[in-house]
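Have the viewer ready and follow along.

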Amino acid sequence: MLNDPSESHNPLRRRLLGGLAALPLAGATGPALAQAGRQYRIELVIFEHRTDESRRLQMELAAPREAMLGESELGGRIYRDSRKGFELQRVVRRVEDSGAGRILASLAWDQTGRDHASAPWLRVQQGRRIGTRDLLRDEADRMPRPLMEEQDERFELEGRLRIWVGRFLHLETDLIYHVEEPQGDQPPRAITVRGSQRMNSGDELFYLDHPVIGMIARVTRIDRS
């Protein structure tokens, strides 16, 4: 479960969860033990809760923070573009139609299962672009570059996540969510979204709860004969 800075339970969030639980998922195969070396498709929906509780916590808990970005990227050798693409559009529609959430990211990728020690972090830069971060430059790097690298830009949701394999699959997140854009020389304020969730492969949806940022994931094994 994601670290939750609040003990309260929002009724709008419960209603959203109830609606997601009612979605039909054909062909469910049931839980299966994970194993390093197997091939998986990951689908992930990330959204901001649009509730009074979320707005209150954003104002109370936000502070200047810098994200620790992952070293791997989507579409690379490790986190490959999904061969089947993103198939949770109905989840996205349910979140949007509920009025309780704003979509930040809809991601889908294929990967080989790795254990905790060898699973690299995936770089996350999602949502709106909100300016650039200051970079330390040495004497040899004072000339402006013709193109700005993507990681130099600042996004609403930044940080890293990974899925690693033990006895089960685990989704681990280390993210920050910016609640405002930079103001002058002041760094933007953000809240942390950090935690871990155990999952199984199959057609089951997994919800990672947090009063400000919600995540809905599905993991499908794709190397079955």
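In this predicted model, 5 strands make up an open sheet with antiparallel pairing, in the order β3-β4-β1-β10-β9. Strands β3 and β9 (206-208) lie at the edges with a single partner strand each, so one side of each has no neighbour in the sheet. Helix α3 (residues 89-98) packs on this sheet, touching β1, β4 and β10 (213-221).

**Terms and source**
- Residues are numbered from 1 along each chain as its sequence is written, and side-chain values use heavy atoms, without hydrogens and water.
- Local features need pLDDT of at least 70 and side-chain atom pairs pLDDT 80 or more, while totals for chains, interfaces and linings use all residues.
- Helices (H or I, at least four residues) and strands (E, at least two) are DSSP runs numbered from the N terminus, and two strands pair if DSSP finds at least two bridges between them.

**Strand β4 and its partners**
- Strand β1 (residues 39-49) runs antiparallel to β4, joined by 11 bridges; Ile42 has Trp109 as its bridge partner in β4.
- Strand β3 (residues 80-81) pairs antiparallel with β4 over 2 bridges.
- Arg80 has Asp110 of β4 as its bridge partner, and Asp81 stands opposite Trp109.

**The helix on the sheet**
- For α3, touching means contact (heavy atoms within 4.5 Å).
- The direction of α3 makes about 165° with that of β4, on a 0 to 180 degrees scale between N-to-C directions, with axes fitted to C-alpha atoms, for helices over the stretch in contact.
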